[in-house]
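Please look at the charged side chains first, and then at one residue in a helix. The account below goes through them in turn.

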Amino acid sequence: PRLSGPHGNQSRPQDPECASRPGPEIPQRVSLPALDRLTKRSEFLSAARGKRVAMPGFILQARQNHASNQMRVGFTCSQKVGNAVARNRAKRRLRALAQHILPEQGQIGFDYVLIGRAKVTAGQPFVDLAHDLRAALTKLHTNDAR
């Protein structure tokens, strides 16, 4: 077994009531409002019948939901995006993107679906994805989308 040296552990204060040494500052997280999620296949199929905007990093589908006065969002990545690790990374990036952009630029009463693209969504810089989502929402809500 390991025994301490004759002078004890010099990196720790010997007095148990002594304050611990200062450590690195822990950054405070900014809590953003949680978005309601699309979870059922029928909700995704309904959004697929709405408008669609294709961007370099993802595809945005949206449909107005008259039955709800909430903004909802769903995420999907097919096997074309890659293996499970690549799909999960792409979906994490799309979730973070939606969490930051949709509360300020999305419209209440819409269902949005973000679809990841193969080898692009997981690798493109986040700033470019954010710019693409802002442009897609602008295009979508000015009736230029399909």
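Glu 43 and Arg 72 form a salt bridge with an N to O distance of 3.2 Å (a salt bridge is a side-chain nitrogen of Lys or Arg within 4 Å of a carboxyl oxygen of Asp or Glu). Glu 43 belongs to helix α1 (residues 41-48) and Arg 72 to strand β4 (residues 72-76), so the pair ties together parts 29 residues apart in sequence. Helices (H or I, at least four residues) and strands (E, at least two) are DSSP runs, numbered from the N terminus.

This is a predicted model, in which local features need pLDDT of at least 70, side-chain atom pairs count only at pLDDT 80 or more, and totals for chains, interfaces and linings use all residues. Residues are numbered from 1 along each chain as its sequence is written, and side-chain values use heavy atoms, with hydrogens and water left out.

Arg 72 also forms a salt bridge with Asp 111, with the closest N and O atoms 2.8 Å apart. That pair links strand β4 to strand β5 (residues 110-116), across 39 residues.

The structure holds three salt bridges. One of them joins Arg 134 and Glu 104, whose closest N and O atoms are 3.6 Å apart. Here helix α3 is linked to helix α2, with the two residues 30 apart. Arg 134 is partly exposed at 34%, whereas Glu 104 is exposed at 52%.

Helix α3 (residues 126-141) also holds Leu 137, which is buried at 2% relative accessibility.

Note on methods
Buried means under 20% relative accessible area, exposed over 50%, partly exposed in between (1.4 Å probe, protein chains only).
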